[in-house]
Amino acid sequence: MQSWRITPAKRVRGVWRPPGDKSITHRAVILGLLARGTTEIEGFLEADDCLRTLQIAQQLGAQAERVGEARWRITGVGGTLLHEPSDVLDAGNSGTTARLMAGVLASQPIFSVLTGDASLRRRPMRRIVEPLRQMGAQIDGRADATRLPLSIRGDALRGIRYLTPVASAQVKSCLLLAGLNAQGITEITEPVLSRDHTERMLQAFGVELETRLSTAGAHCVRLRGGQVPEAQGVRVPGDFSSAAFWIVAALLLPGSDLVIERVGVNPTRTGLLQALAQAGVHLEWSAIDEQAGEPVATLRVRPQPVGAMRIGGALVPSLIDEVPILALLATQAEGETEIRDAAELRVKESDRIEAIATELRKMGAAIEPLPDGLRIRGATPLHGAHVRSYGDHRIAMTLAIAGLIAHTGETLVEDVECVQTSFPEFEQLLHTLVER
Ligand code: S3P
């Protein structure tokens, strides 16, 4: 098992372009697989999760070629049938791969078996199995088809109207991808808008869809089946969720000055910026532009005093992946921060509520787990400790940043291989962006 030894840092400085967005890379590969023609992806996140999606796309008939650093060319099946895979499809640690691919597989007359690593095999799948069955797919699996492995016998599906019980972009995207090849209209309503990269990318690939806000404030997306995406050039924006670790480091380390170039600032992803505004922190923005139907910007981060935050409700889906690093920030904020309505954190790559509370406490934080969130009292100086990641990339990276901002002592973060799933460059940045 690999580990990192982290000593307190003076500051972070530099101009840095984050790696490609994970969510958007997955979607570019999947639409590349389904599209007519050759899709060229620039800024491809070459991390384990996205490479799993790519491998499955190849097992289903896509032709993929690496044509440069973070550049891939994918030729899709374009309206013809996917290949029936001759082996099990392994999504590794990636929930997005498993759930989005399940929608693709269910909508084609092929048989497939989908599995993942030990963490992914513990994560809930009923949320996609139920609506896909309603659309006409035959799905079986472990624990009454609520856990991977799942066997999927796809078919000619029919569109449904579906109200998602949880605001989950993975569920919404699974059903949109299934609906793309179903008869009639698929309509998905979610109580709170989750990340909308699938909607944006489908439109960029020429698929017609409608989105609207209901009078009750619910978000609705409608799609007519039988549309074939047209291949595109996709320039993937930088991953805001990866940038978030370094935003927090630069805010907390005196003397820091970090410029983060061309990072995606889709409002369904940047709830952290709203949380920061509540804490009295405002980042400088410039060079606002659009790429792959997504807004991008350059951000400049310098240290600022941080106040307490109250996080809940509609804000939660837009910062769900940032809660571990936000919790670390809250340990350095003046006052009591509460994060609620975030029970979904218990079914991510680890139980992130327990993991972050247990490990940050070892470093001196006053942090308490709640059934649906965390209560954190700040500001408490942190000290180095022996901590572990629970095999969860976002916990590992949060603890590494905690080690940088600790006042004293060395932090040993155990079990850090998992960082390869989303941010292979992270370890190198601990040297290139950090001054000691
Ligand atoms: C993702 C959606 C979110 C997020 C995950 C990526 C996506 O999961 O936490 O890291 O790319 O659609 P849920 O859909 O389970 O909320």
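**One residue, then the whole chain**

Mentor: Happy to! Let's begin with Ala 357, which is found in helix α12, residues 352-362. Keep in mind that this is a predicted model.

Trainee: Okay! Is Ala 357 buried or exposed?

Mentor: Ala 357 is buried: its relative accessible area is 1%, and the cut-off for buried is under 20%.

Trainee: Which residues is Ala 357 in contact with, leaving aside its neighbours within four places in sequence?

Mentor: There are Ile 367, Pro 369 and Leu 374. Take Pro 369: it sits 12 residues from Ala 357 along the chain, and the C-alpha atoms of the two are separated by 6.0 Å.

Trainee: Nice. Changing topic, how many aromatic pairs are there?

Mentor: The count comes to 6 aromatic pairs. One to look at is Trp 16 with Phe 423: their ring centres are 6.1 Å apart and their planes are at 15°, so this pair is stacked.

Trainee: Why does 15° make it stacked?

Mentor: Because planes under 30 degrees apart count as stacked, and the planes of Trp 16 and Phe 423 are at 15°.

Trainee: And where in the chain are those two?

Mentor: In distant parts, 407 residues apart. Trp 16 belongs to strand β2 (residues 11-16), while Phe 423 lies in the loop between β23 (411-414) and α14 (426-432).

Trainee: Are they buried or exposed?

Mentor: Trp 16 is buried, with a relative accessible area of 4%. Phe 423 is buried too, at 0%.

Trainee: Which residues do ring pairs link into a cluster?

Mentor: Trp 4, Trp 16, Phe 245, Trp 246, Phe 423 and Phe 426.

Trainee: Now the whole chain. How many helices and strands are there?

Mentor: The chain has 14 helices and 24 strands. Its C-alpha atoms fill a box of roughly 60 × 50 × 45 Å along the principal axes.

Trainee: What does the radius of gyration say about it?

Mentor: A compact globule of 436 residues would have a radius near 22 Å, and the chain has 21 Å, which agrees. Buried residues make up 59% of the 436.

Trainee: What share of the contacts with a separation of 6 or more comes from residues 24 or more positions apart?

Mentor: That share is 77%.

Trainee: Last one: what about the charges and the surface?

Mentor: The chain has 47 positive and 51 negative charges, and their mean positions are 2 Å apart.

Conventions:
Residues numbered from 1 in each chain as written. Predicted model: local features only at pLDDT ≥ 70, side-chain atom pairs only at ≥ 80, totals over all residues. Heavy atoms only, no water. Helix = DSSP H or I, 4+ residues; strand = E, 2+ residues; numbered from the N terminus. Rg over C-alpha atoms; globule rule 2.2 N^0.38 Å. Buried < 20%, exposed > 50% of the residue type's maximum accessible area, 1.4 Å probe, protein only. Contact = heavy atoms within 4.5 Å. Lys, Arg positive; Asp, Glu negative; His and termini not counted. Charge placed at Lys NZ, Arg CZ, Asp CG, Glu CD. Phe/Tyr/Trp six-rings, centres within 6.5 Å; stacked < 30°, edge-to-face > 60°.
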